[in-house]
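Colleague: Before we discuss the charged pairs, could you show me the model and then explain the terms as they come up?

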Amino acid sequence: MTVSDVSGRLILEDRVVPGRLAIEDGRIASVEVDVAGVAAEAPYIAPGFVDVHVHGWGGHDAMGDATALDGMARALLRRGVTSFLPTAVTAPFGDLAAFAERVRAWMPSAPADGAEPLGFNLEGPFLALAKRGAHAEAHLRAPSDASREILDGLVDGLRLLTVAPELEGATDLIGRLSERGVAVSIGHSAAVVEQAWDAFNAGARSTTHLFNAMTGVDHRSPGVAVAALLDDDAYVELIADGIHVHPALWPLITRLKPRERLLLVSDALAVAGTADGRGRIGDLEIVVRDGRATLAGTDTLAGSVIALDSAVRNVTAAGVSLPDAVAAASANPLALLGVTDRGRLAEGQQADLVELGEDLEVRRVMRGGTWILGD
C-alpha cells in the first residue's frame, strides 16, 4: 500500500481551508481540515482540472494519431488538466468514425504522465450553416442524415456532442443519444428560444461555448443563449479568455446560472501553447496573433489558445470565488459526464490534484496519487 500526505490550503466545494489529505493507492483516504501548522502562504490544493472541449495543445492535434494524442495529453497535464475529452471538428462521417476508433484504441495505453482521456467529444457535423464558425461547410450534415449504422459506429466512447436543434431530425437525435448516455450540447445554432427549450426538454444538457456561434439576447427574438441562461438545469460552457466573451458579461452568466452549471472549457487548438503563427483546424487554415485565433483572411474566431489554469485565474480575477472557479474546471464538467470518482477533495476520490501558488500558477500536478512536476 502506497501512503502519502498532501498539505496546503484545500479548495473545497464551499470554502478554502488549511488542511491535509492522506493519499493511499491513488485515492484520497481522508481529509483533515483546519489543520494547525499549515502556513498562511502554503500552496493551494485543488482537484485536477477537466477539459471537456479541447481540440489540441502544444502542437498536437486531437484528430491526429496516437503519438499526437500522447503529446496532447502530456501537454495538457502540465497545465493542471488531469482528465479530458479529445474533441473533433466537423468532418465526413467516415473521418469521424476513424477518429472515434483511434481514440478508443489509444485510451488503454494513454500515458500515465498525461491527462486521462474519458472518451471523446464531437463538435459537429450537426451544425447550422449560418453559425458554423470554424467548421468546414462541405461537411455539415443534418441529424436526419445520421443513420443508426452511423451512430452505432460513433457512440462507443462518445461522451459529448454538439447539435443545432433547429435542424431536421435534431429532436429525435437528441433523444436517442441521451438514452444511450451521451450528453448533448446545443450550439452552432440559429435557433429561436422556443426551439432551444424544446431541445432541452428532449434531453439536451449543455450549451457549447455560450454566446459564440449561437443566437443571443435579442429583446424581440431571444435565442439559444437566453434559453440556456434561464434553464437552471442546463450547463453552459465559458471560454474565459476575454476574447470569446467580454468579461463585462461574465457576471451576467454567474448571476443567472447555478454555480454547479458553469463549465470552464478551453476550446483550445493544436497551436495552443506554441508561438503565434499559422496552423489548421480540420480543413481550414487559421492565424494566431496576440492570443487570438481566427480563420485565415477573416475575423471569425476559430477556437482559443487558452488553458484551463489561465481560465481559472481569469475568472477569479473578475470576482468569481476560488471554490466556484475550481468547480467550474473540475467537478462541474465531470457531473455533466456522469463521472463521480474524481473532481472533489473528498474521501474515496481519485487523487488527481493540482498544486497552485499564490498567483494560482500551476506548480505540480498529481494524477492517480503520483506527483508530476509542472513546467
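Modeller: Buried means a relative accessible area under 20%, exposed means over 50%, and partly exposed lies in between, with a 1.4 Å probe and protein chains only. This is a predicted model, in which local features need pLDDT of at least 70 and side-chain atom pairs count only at pLDDT 80 or more, while totals for chains, interfaces and linings use all residues. Side-chain values use heavy atoms, with hydrogens and water left out, and residues are numbered from 1 along each chain as its sequence is written.

Colleague: Why is Arg9 called buried?

Modeller: Arg9 has a relative accessibility of 12%, which is under 20%, so Arg9 counts as buried.

Colleague: What makes the contact between Glu358 and Arg9 a salt bridge?

Modeller: A salt bridge is a side-chain nitrogen of Lys or Arg within 4 Å of a carboxyl oxygen of Asp or Glu. The closest N and O atoms of Glu358 and Arg9 are 2.6 Å apart, so the pair qualifies. Glu358 lies in the loop between β19 (353–356) and β20 (362–367) and Arg9 in strand β1 (residues 3–11), so the pair ties together parts 349 residues apart in sequence; strands (E, at least two residues) and helices (H or I, at least four) are DSSP runs, numbered from the N terminus.

Colleague: Why is Glu358 called exposed?

Modeller: The relative accessible area of Glu358 is 52%, which is over 50%, so Glu358 is exposed.

Colleague: How do you know that Asp309 is buried?

Modeller: Asp309 has 3% relative accessibility, which is under 20%, so Asp309 counts as buried.
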